[in-house]
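I opened my notebook today to look up salt bridges.

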Amino acid sequence: MAIGNGKDDGRPTWIVTGGAGFIGSNFVHKVRRENRARVVTFDLLTYAGNRDNLLSLEGDPDHLFVRGDIRDSPAVSALLSEIRPTGLFHFAAESHVDRSIENPGEFVSTNVTGTFVLLDAALRYWEREGRGKGFRFLHVSTDEVYGSLSPSDPPFTERTPYAPNSPYAASKAASDHLVRAYFHTYGLPVVTTNCSNNYGPWQFPEKLIPTVILSALEGRPIPLYGDGENIRDWIFVEDHCDGVLAAFDRGREGETYAIGAGNPKTNRALIETLCKILDRLASRTGRSARELVTAVPDRPGHDRRYEIDAARSRTELGWTPAHSFEEALEKTVRWYLANRSWWEALRARYDGSRQGIGRKQGEGK
Ligand code: NAD
Ligand code: TDX
């Protein structure tokens, strides 16, 4: 397993789990674009992982793709021994709430057991030689671990008690607790980030924003869950990646950092904004995409409101989001318009029905 033409010129090498997924691939591209480190992407390529997300890195001698499972302890240990990284960025997860409702076991297995296996292998590596290299374990988590806010509650901070409501959120909360325990018990240098809802290029079309964009482009119904008044706090994926890097560089060991860009929107308002952008950039019929919005039964246990207070990240990490919501949303729509072949290949592989795009045609219900 060689990276960087096998030369050790003292530059850092990082392992990125889940680097073929949505946020992970944006992160890998950013790190390589800015030449911050050599990168080894370690990814199982589940339905959500896609080699095409890293296509432009083919031929980059400072990027290596390794297909593997974070639950495979011998494989993870061998990877650490061979790569000898100074950082491990843990993005790999089962990430879609609707799927966690249908199939919670997969979430416990990947998000809880997978994180445990990584932590345990990282601890052995750190005790052996990682300590001397200044090794850090950066755990990427979510604001969903804090549960749901009522209209009068202040936004989430790092001090908000955990109250996960979906199997996805509970599995991420469990992984956060294991990360914390490995710091407090063994001293493993960990930092955790808890971020709000991301949007941007390479997001798998089961999540809300790509669902709206692709449904509008294909003239399919745009599914709006429940009364459409649930609130999510939106952040452009590159701003999240900057926050992860800031936490790795400047975060205090054992600490958690809430990351959010201060854009809380109801789903109805967000879809309205997207439809306006789509009508302007991509209307083929002269009819508004708004006509496609269709109320569908609500998600069970659907959290009402998320919102992040990112004051600690701003003050301690010196991090601040660089993108405005409206501009980055339009940039995202333009990306999906310019990268039809990327999502058409996914459409061909997977059924695009509600909650089912990740299921191969003919599979499941
Ligand atoms: P994603 O579903 O797009 O990608 C997940 C990646 O992990 C895929 O490439 C998949 O192949 C890989 N993977 C899954 N199981 C694996 C295993 N057992 N071994 C190795 N690789 C495996 O997810 P995403 O939206 O990019 O989220 C990345 C991380 O960020 C997750 O930990 C998620 O909880 C967290 N997060 C996501 C958001 C968001 O809005 N999407 C917000 C906050 C935090
Ligand atoms: O078709 C849809 N219609 C709809 O109304 C979909 C897919 C979603 N929704 C609603 C449900 C949510 O209120 O939109 C909101 C956003 O839904 P998702 O895109 O599924 O995201 P969410 O459930 O909020 O979780 C996301 O943010 C936090 C990510 O999937 C998680 O990985 C991350 O941790």
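Below are my entries on the charged pairs I looked up.

**Entry 1: the total.** I was working with a predicted model. I looked up the salt bridges and found that the structure holds 29 of them.

**Entry 2: aspartate 60 and arginine 32.** I found these two side chains joined in a salt bridge, at 2.7 Å from N to O. Aspartate 60 sits in the loop between β2 (38-43) and β3 (63-67), while arginine 32 belongs to helix α1 (residues 22-33), so the pair ties together parts 28 residues apart in sequence. I then checked burial: aspartate 60 and arginine 32 are both buried.

**Entry 3: arginine 299 and aspartate 98.** This pair also forms a salt bridge, with its closest N and O atoms 2.7 Å apart. I noted that it links distant parts of the chain, 201 residues apart: arginine 299 is in the loop between β12 (293-296) and α9 (311-317), and aspartate 98 is in helix α3 (residues 97-102). Both residues are buried.

**Entry 4: glutamate 272 and arginine 290.** Here I read 3.3 Å between the closest N and O atoms of the salt bridge. Glutamate 272 is in helix α8 (residues 267-282) and arginine 290 in the loop between α8 and β12, so the pair ties together parts 18 residues apart in sequence. Buried or partly exposed, I wondered about glutamate 272? It counts as partly exposed because its relative accessibility is 29%. Arginine 290 is partly exposed too, with a relative accessible area of 39%.

**Entry 5: a network.** Last, I looked for shared partners, and found salt bridges joining Arg11, Arg32, Arg38, Asp60 and Asp62 into one network.

Conventions
Residues numbered from 1 in each chain as written. Chains lettered and ligands numbered in written order. Predicted model: local features only at pLDDT ≥ 70, side-chain atom pairs only at ≥ 80, totals over all residues. Heavy atoms only, no water. Salt bridge = Lys/Arg side-chain N within 4 Å of Asp/Glu carboxyl O. Helix = DSSP H or I, 4+ residues; strand = E, 2+ residues; numbered from the N terminus. Buried < 20%, exposed > 50% of the residue type's maximum accessible area, 1.4 Å probe, protein only.
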